[in-house]
Amino acid sequence: MATVRRDERDPVGEQADTRPRPSDDTAMTSVADYYAGKNVLITGATGFMGKVLVEKLLRCCPQVRALFLLVRPKAGQSMQQRVDDMIKCKLFDRVREDDAHFHRKIVPISSELTEPGLAISPEDADKLAACVNIVFHCAATIRFDEPLKHAVQLNVIGTQQLLGLARRMRHLEAFIHISTAYANCNRKHIDEVIYPPPVEPRKLIESLEWMDDRIVQDITPRLIGNRPNTYTYTKALAEYVVQQEQDKLNIGIIRPSIVGASWQEPFPGWIDNFNGPSGVFIAAGKGILRTMRANNDAVADLIPVDVVINLTLAAGWYTAVHKPKTALVYNCTTGGINPFHWGEIEHHVMSSFKRNPLEQAFRRPNANITSNYLIYQYWILVSHKFPALLYDLVLRLTGQKPQMMRIFNRLHKAISLLEYFSSQDWEWNSENVNMLMAQLSPEDRKTFNFDVRQLNWPEYIENYCIGTKKYVLNEDMSDIPAARQHLRKLRNIRYTFNTVLVVFIWRVFIARSQMARNIWYFVVSLCFKFLSYFRASSTLTN
């Protein structure tokens, strides 16, 4: 009989379909041991969470056999180029130290979620059907303002098609779907269950096929109802679509809240995008964002990305080994376990960026949060629009293209999309998360740690802010002294401007009016009397 040879680029070859399903005694295996020899399919692998999932599997489950990544060509890059660029980033440094040839386990598969059959070639589809053991579905559009038709295509139809491929997989042991904790944000208390969908997905898809885009745009607000955007609406539909396959597949659904920078792994503070809170933090650190409409006392349900990935891998292990009769949902949140509030975040972000300032800040970091609409509009006018107009005027006078007002308009749009989530609280049940944690061995609880009770928020926010500086803006930490000097320069400019403004107001408005001068002297005398009283009281107390 001829010997089967394996291609160096394909670690699976033709032997994978003979691999047996796990026996009953695998229930006591560790998470890493379970993934040994397994073939894993990952969608959304080039995204933020997908990268961390790939890195964690390669580093902590080094015996994993192969990672099949569904990747589409983008921006003139082939799927192979995108994967090569991904594994070159700093995120994979620890994996590189352990195994310089880790890339051999990564098998990119050309795919497009919006195309029929996911645009996977028949040969690749047959290969996946023959060898894949676990599927992690991370791909989705996360844009809050995505047109409904496109959001349905990516988040719902794409999920349907992936489930169709999964049904063909002869050795599939678990299908893990990444949803969002806000899929049911129209409820205040959210259990770890799949709620009835707002509309039957099949009927919506059939309707959208013949509707004109303008009609869809007009009816979108009525369709999404009391949900804030098409993202949360379509993710709720996708959960229902996944649930319908629970009789045929072993399914788990992960619901993370607002995913932020890494907490511990592979190193603290790793982040690679401007999405969500990261862009807000950077804008505040640059001194561009000076106000934000939010409730200071509302819980900011941030969840570190490595916590989400650790829970995801543990859920994959549990789903495959224990084979629950129904799809289990895991609410991956912090608010009910280790709450932290928006007002506290604002304080720690400002403090962090004053200690570790960003380079070439527009103004000194000094943002404030308010839930009052009128106060918010006042600060938008005074702290955002007026300085932007002034700065653009200077640019015009110096022959440059004005840009600051455009930047502020984009910023206002971004923070307006976050207002819904920063102005109210939710209660998430986490019984399944606690159950899963109890199922892990002490060693696995360390290796795949998702216990957010251990999270130190001030330290995490500090690392988060530093991470935006190092990994998103690619700024060198050695330049911090120069950045601090720049902040001192901005402070002196502000003091000088305020002094000139006071003198101008005095000369133009107060010095010319006897009544205005009398009011001014009265206010100043009151201030001096208050200070004298305060000093006297302090002396008596001492």
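This is a predicted model: local features need pLDDT of at least 70, side-chain atom pairs count only at pLDDT 80 or more; totals for chains, interfaces and linings use all residues.
Where is the place of P266? P266 is in the loop between β8 (258-260) and α10 (277-285).

**Whole chain**

Show all 542 residues of the protein; 51% of them count as buried. Along the principal axes, the C-alpha atoms fill a box of roughly 105 × 55 × 50 Å. Colour by secondary structure to see 19 helices and 13 strands.

**Domains**

Next, colour by the domain assignment. Domain 1 is made of the segments 21-269, 300-338 and 425-445, while domain 2 is 512-542. Between the centres of domain 1 and domain 2, taken over C-alpha atoms, lie 63 Å.

Then select residues 384-475. An unreviewed UniProt entry annotates this stretch as "domain: Fatty acyl-CoA reductase C-terminal". The chain over 384-475 is 70% helix and 2% strand. The end C-alpha atoms of this stretch are 25 Å apart.

**The sheet**

Select β3, β2, β1, β4, β5, β7 and β11. In that order these seven strands form an open sheet, and the pairing is parallel. At the edges stand β3 (106-110) and β11 (328-332); each has a single partner strand, so one side of each is left without a neighbour in the sheet. From one strand to the next the twist averages 20 degrees.

**T180**

T180 is in the loop between β5 (174-178) and β6 (189-190). Is T180 buried or exposed? T180 is buried, because its relative accessible area is 3% and the cut-off for buried is under 20%. Now show what surrounds T180. Leaving aside its neighbours within four places in sequence, T180 is in contact with Y231, K235, E239, I254, R255 and P256.

**Backbone exceptions**

Most residues other than glycine have a negative phi, and most peptide bonds are trans. The remaining stops depart from that pattern.

Go back to P266 and select E265 with it. The peptide bond from E265 to P266 is cis, with omega near -10 degrees.

Next, select Q360, in the loop between α12 (342-355) and β12 (368-370). What is phi of Q360 near? Phi of Q360 is near 50 degrees, a positive value in a residue other than glycine. Q360 is exposed, with a relative accessible area of 63%.

Finish at N474, in the loop between α17 (457-472) and α18 (480-510). Phi is positive in N474 too, a residue other than glycine, with a value near 55 degrees. N474 counts as exposed because its relative accessibility is 63% and the cut-off for exposed is over 50%.

Note on methods. Residues are numbered from 1 along each chain as its sequence is written. Side-chain values use heavy atoms; hydrogens and water are left out. UniProt positions are given in the numbering used here, feature names are shortened, and annotations may be inferred rather than shown by experiment. Helices (H or I, at least four residues) and strands (E, at least two) are DSSP runs, numbered from the N terminus. Domain bounds come from an automatic or database domain assignment. Buried means under 20% relative accessible area, exposed over 50%, partly exposed in between (1.4 Å probe, protein chains only). Two strands pair if DSSP finds at least two bridges between them. Axes are lines fitted to C-alpha atoms, for helices over the stretch in contact, and angles run from 0 to 180 degrees between N-to-C directions. Contact means heavy atoms within 4.5 Å.
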